[in-house]
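Welcome! Take a moment to look over the sequence and the structure before reading on.

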Amino acid sequence: MLVIQIVLIAAAAGLVWFFVTNRGNSKASAGFKLLFVAFVMLGVYAMIRPDDLTVVAGWVDVGRGTDLMLYCLIIAFAFTTVASYLRFRELEIRFARLARVVALQNADAEDRE
Amino acid sequence: MVAGRSRNPRPATGDDNSGNADVWLIVPVYNEAPVIGDVIANASHTFGNIVCVDDGSTDGSAEQIRAAQQVAPGVRLVRHPVNLGQGAAIQTGIEYARARPGARYFVTFDADGQHRVDDVEAMIERLRAEPVDIVIGTRFGGSQTLSVPFLRRIVLRSIVFLSVRNRRLGLTDAHNGLRAFNRTVADDLDLLMNGMSHATEFVGLVDRHKWRVTEQPVTILYTEYSRAKGQSLFNGVNILADGLLHARLRR
């Protein structure tokens with residue numbers, strides 16, 4: 001069980017670190033898309049040939065292929081949660097700035113009256 | 001009256017607030033209609049310039065402020081078209097105030113009547129006299145520590161104890177809404193935390209910009225009204241999460 005723990009935790013940490021430090025540039029967003037495509041293709045492959053996945057799981061000392069899939073899914077979910085939180089915060093900030101400009105313009109117009 | 005009592009209550013007419021013409025009070029307002037009129041009327045005896053930022057209130061707070069403008073002409077009203085949060089309201093108020101000619105000192109002041117005008121006067125005096133950029137109120141400086149509700153005291157104390165930054169800067173109160181600062185601070189201030197996390201963010205900005213900071217013991221009037229409206233302690237969790245991820249946001 002030790003191998004998979006190290007691999008998954010390192011993958012999670014690496015992923016989060018890469019995307020969080022490179023957010024917003026084209027490299028990161030291209031990387032995200034490639035990663036997503038790879039993830040989906042792997043998922044489809046695993047559905048068609050589940051036994052292959054179990055073999056891969058055996059290499060890293062995980063009992064079944066479904067378990068391996070589940071671990072990967074948890075990592076992916078945690079990652080998208082962080083990514084969408086940051087995305088929402090950025091939108092909030094832009095929204096607040098927009099609303100602020102409107103508020104200040106209205107107040108200035110009123111002051112001139 | 002819910003607002004802070006002055007030691008020398010002045011009559012409503014013949015106010016002498018001309019000495020504070022370079023001071024702007026920034027009051028974020030969100031659904032404070034029962035008290036906001038009294039709070040600003042009381043504060044305007046001492047500080048003529050007050051900008052109330054109505055953060056999309058739905059309870060007639062704006063009408064109360066309009067009514068107060070009749071007796072206190074220096075009161076200004078800026079209205080957010082939608083509710084954005086207290087941090088955003090403070091930032092809007094500061095941007096309004098710093099664009100006014102002659103504005104030199106700025107104060108963030110709560111709308112619920114828990115801050116005392118006397119404390120603000122003392123803080124402004126220190127800004128004028130001492131080489132500091134910002135004076136932050138603390139509930140733990142003087143003799144009034146025990147008036148802070150027990151659970152709240154424990155939580156606030158723990159936040160400060162756990163924060164390396166607070167200890168380095170010598171700050172004893174993590175989330176005091178009463179702050180007075182000069183133009184240096186106002187010009188560079190850019191609060192991004194829309195909600196309640198702006199207090200932590202404020203301290204972070206003090207640290208980053210190396211503003212000279214000091215504390216002033218203040219009395220918080222925990223009225224029944226302000227207690228009911230006060231932020232829930234669960235907010236501490238939100239504040240913590242915001243703080244952790246905040247550094248990663250693009251400005």
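## A predicted model: chain A as a whole

Please keep in mind that this is a predicted model. Let's begin with chain A, which has four helices and zero strands. Read from the N terminus on, its elements run α-α-α-α.

Along the principal axes, the C-alpha atoms of chain A fill a box of roughly 75 × 30 × 25 Å. Of the 113 residues in chain A, 23% are buried.

## Two helices side by side in chain B

Two packed helices are described by the angle between their axes and the distance between the axes. In chain B, the axes of helix 1 (residues 33-44) and helix 2 (residues 61-71) come within 8 Å and cross at roughly 25 degrees. Angles under 35 degrees count as roughly parallel, so helix 1 of chain B and helix 2 of chain B are roughly parallel to each other.

Which residues meet here? Helix 1 of chain B brings Ala33(B), Ile36(B), Gly37(B) and Ile40(B), and helix 2 of chain B brings Ser61(B), Gln64(B), Ile65(B) and Ala68(B). By class, this contact has five nonpolar, three polar and no charged residues.

## A closer look at Arg126(B)

You will find Arg126(B) in helix 4 (residues 117-129) of chain B. Is Arg126(B) buried or exposed? Its relative accessible area is 18%, and buried means under 20%, so Arg126(B) is buried.

Leaving aside neighbours within four places in sequence, Arg126(B) is in contact with Val132(B), Val135(B), Thr214(B), Glu215(B) and Gln216(B).

Note on methods:
Residues numbered from 1 in each chain as written. Chains lettered and ligands numbered in written order. Predicted model: local features only at pLDDT ≥ 70, side-chain atom pairs only at ≥ 80, totals over all residues. Heavy atoms only, no water. Buried < 20%, exposed > 50% of the residue type's maximum accessible area, 1.4 Å probe, protein only. Contact = heavy atoms within 4.5 Å. Axes fitted to C-alpha atoms, helices over the stretch in contact; angles between N-to-C directions. Parallel < 35°, antiparallel > 145°, perpendicular 65-115°, else oblique. Nonpolar A, V, L, I, M, F, W, Y, C, P; charged D, E, K, R; others polar.
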